[in-house]
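Here is a briefing on one protein model. Look over the sequence and the fold, then read the notes below.

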Amino acid sequence: MEISSKQKNIKAIVYFIIIAVVAIIQNTPGLTFEIAGARCFLLIPVCIILGMGEDEALAGVMGLFGGMLWDMTSSVHFGFSAVFLCVVCFASSALVTYVLRNTFIANFVFSAFSAFTYAFMYWLFFIVIKGVKGAELSILYFYFPAAFYTAALFPLLWICISPVKRRLNSQIKALSR
């Protein structure tokens, strides 16, 4: 059976609330731990976990929303995170829809790859190309450690978000019968 648009909207609203809460946690100083100055990119795995297994358009919009919330706290790269997360969430959803299964391993690999890609691209576009003096080694002491930190926290995020997503999906399926 097809789920109604009201049920789809409720599910999307819950997902957007989760993304907004995670964005507040990530972007508010003192709410997350910093390990040797490295901060976790919480929005990358959260948006990917929520987007995988969903419609590609919804996944892309969730990534766009999460990235916009992330970009609101930055004066340097406005729009970069929004575009990056939109593309990554769309691609992960499309891969799960047409090629892969929505498993822990697929989510982990895509989240870790996305975290390292984000760190490298950010470093390249906003540090190296802009010509920030003496910051070339920041890839080794900030950006890649932040990506490792993000990948290391992925299992905890999966444990917290996956049951909510499963329960929401099962309740919507039960209502559509």
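The structure holds 22 aromatic pairs. Here rings of Phe, Tyr and Trp (its six-membered ring) pair if their centres lie within 6.5 Å; planes under 30 degrees apart count as stacked, over 60 as edge-to-face and the rest as tilted. The model is predicted: local features need pLDDT of at least 70, side-chain atom pairs count only at pLDDT 80 or more, and totals for chains, interfaces and linings use all residues. Residues are numbered from 1 along each chain as its sequence is written, and side-chain values use heavy atoms, with hydrogens and water left out.

**Aromatic pairs**

- A pair of aromatic rings is described by the distance of the centres and the angle of the planes.
- Phe80 and Phe125 have ring centres 6.2 Å apart and planes at 85 degrees, so the pair is edge-to-face.
- Phe80 lies in helix H4 (residues 80–98) and Phe125 in helix H5 (residues 104–128), so this pair ties together parts that are 45 residues apart in sequence.
- Helices (H or I, at least four residues) and strands (E, at least two) are DSSP runs, numbered from the N terminus.
- Phe80 is buried, at a relative accessible area of 12%, whereas Phe125 is partly exposed at 36%.
- Buried means under 20% relative accessible area, exposed over 50%, and partly exposed in between (1.4 Å probe, protein chains only).
- Ring pairs also build a cluster from Phe41, Trp70, Phe80, Phe84, Tyr118, Tyr122, Phe125, Phe126, Phe142 and Tyr143.

**Overall fold**

- The protein chain has six helices and zero strands.
- Its radius of gyration is 17 Å, close to the 16 Å that the globule rule gives for 177 residues, so the chain is as compact as a globular protein of that length.
- The radius is taken over C-alpha atoms, and the rule is 2.2 Å times the number of residues to the power 0.38.
- Along the principal axes, the C-alpha atoms fill a box of roughly 60 × 30 × 25 Å.
- Of the 177 residues, 45% count as buried.
- Among contacts with a separation of 6 or more, 73% come from residues 24 or more positions apart.
- Contact means heavy atoms within 4.5 Å.

**Surface**

- The accessible surface of the protein chain comes to about 9600 Å², and 72% of that belongs to carbon and sulfur atoms.
- Accessible areas come from the Shrake-Rupley method with a 1.4 Å probe; for residues, only the protein chains shown count as cover.
- A nonpolar surface patch is formed by Ile13, Ile17, Val21, Ile24, Ile25 and Leu31, with about 530 Å² of accessible area together.
- Patches are made of residues with over 30% relative accessible area and no salt bridge; like charges are joined within 9 Å, nonpolar side chains (Val, Leu, Ile, Met, Phe, Trp, Tyr) within 5 Å.
- Leu31 sits in the loop between helix H1 (5–27) and helix H2 (43–51).
- Thr32 lies in the loop between H1 and H2.
- Leaving aside neighbours within four places in sequence, Thr32 is in contact with Ile25, Gln26 and Leu42.
- Thr32 and Leu42 are ten residues apart in sequence, and their C-alpha atoms are 9.5 Å apart.

**Salt bridge**

- A search of the whole structure finds one salt bridge, defined as a side-chain nitrogen of Lys or Arg within 4 Å of a carboxyl oxygen of Asp or Glu.
- Lys11 forms a salt bridge with Glu54, with the closest N and O atoms 2.9 Å apart.
- The pair links distant parts of the chain: Lys11 is in helix H1, and Glu54 is in the loop between H2 and helix H3 (56–71), 43 residues apart.
- Both Lys11 and Glu54 are buried.

The contacts below leave out residues up to four places away in sequence.

- Ile18 lies in helix H1 and is buried, with a relative accessible area of 19%.
- Ile18 is in contact with Val46, Leu50 and Val164.
- Val96 is found in helix H4 and counts as buried at 11% relative accessibility.
- Val96 touches Met52, Gly53, Arg101 and Asn102.
- Phe108 is found in helix H5 and is partly exposed, with a relative accessible area of 29%.
- Phe108 touches Ala151 and Phe154.
- Phe108 and Pro45 are 63 residues apart in sequence and 8.0 Å apart in space, C-alpha to C-alpha.
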